[in-house]
Amino acid sequence: ILAFVPLVLAGVLLIGFRWPAKYAMPLVFVLTALIGLLAWDMTLNRVIASTLQGLILTAAILWIIFGAILLLNTLKHSGGISSIRRGFSNVSPDRRVQVLGVAWLFGCFIEGASGFGTPAAVAAPLMVALGFPALAAVVMG
């Protein structure tokens with residue numbers, strides 16, 4: 001139950017009170033560190049090491065997402081999106097088939113090329129660029 005408290009606090013601050021993440025998340029971090037230090041008897045070195053590990057993992061994930069967004073913007077500005085749109089329209093005008101092509105086939109390619117979570121960051125914006133409604137693109141992506 002104690003491990004769940006920081007998650008609840010994050011939800012309450014972000015959703016309930018509509019705090020910006022730049023204010024809510026440092027408070028959640030401090031609470032989590034205090035719980036680790038006081039309730040779980042973690043050493044200060046372990047808390048600092050865990051914090052650094054989390055920052056390094058975050059940087060790695062952001063680097064992958066940056067590459068995915070860069071790829072999408074390169075496609076958009078080079079005219080690749082219009083070529084992809086024409087190609088998908090030639091395959092089938094049916095949106096369901098286009099969703100399978102983008103979300104499944106292209107998503108699998110991007111997953112193999114870059115890894116965890118990147119298809120979600122690329123497939124939905126690509127479907128929006130192809131003319132899908134935003135909510136449908138996010139759900140299908």
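**View 1. Proline 26 within helix H2.** Proline 26 is a residue of helix H2, where helices (H or I, at least four residues) and strands (E, at least two) are DSSP runs numbered from the N terminus. This is a predicted model, in which local features need pLDDT of at least 70 and side-chain atom pairs count only at pLDDT 80 or more, while totals for chains, interfaces and linings use all residues. Residues are numbered from 1 along each chain as its sequence is written, and side-chain values use heavy atoms, with hydrogens and water left out. With a relative accessible area of 40%, proline 26 is partly exposed (buried means under 20%, exposed over 50%, partly exposed in between, with a 1.4 Å probe and protein chains only). Proline 26 and alanine 10 are separated by 16 residues in sequence and by 9.9 Å in space, C-alpha to C-alpha.

**View 2. The packing of helices H1 and H2.** Helix H1 (residues 5–16) packs against helix H2 (residues 21–39) at an angle of about 165 degrees, and their axes lie 9 Å apart; axes are lines fitted to C-alpha atoms, for helices over the stretch in contact, and angles run from 0 to 180 degrees between N-to-C directions. That angle makes H1 roughly antiparallel to H2, a term for angles over 145 degrees. Among the residues that meet across this pair are Leu9, Ala10 and Leu13 in H1 and Leu27, Val28 and Leu31 in H2, a contact being heavy atoms within 4.5 Å.

**View 3. Arginine 18 in the loop between H1 and H2.** Arginine 18 is found in the loop between H1 and H2, and although it is not a glycine, arginine 18 has a positive phi of about 55 degrees. Its relative accessibility is 70%, so arginine 18 counts as exposed.

**View 4. Aspartate 41 in the loop between H2 and H3.** Aspartate 41 lies in the loop that runs between H2 and helix H3 (44–78). The phi of aspartate 41 is near 55 degrees, a positive value in a residue other than glycine, and with a relative accessible area of 64% aspartate 41 is exposed.

**View 5. The protein chain around these details.** The protein chain has seven helices and zero strands. Of its 141 residues, 23% count as buried. Among contacts between residues at least 6 apart in sequence, 45% join residues at least 24 apart. The C-alpha atoms of the protein chain fill a box of roughly 60 × 30 × 25 Å, taken along the principal axes.

Terms used: Parallel < 35°, antiparallel > 145°, perpendicular 65-115°, else oblique.
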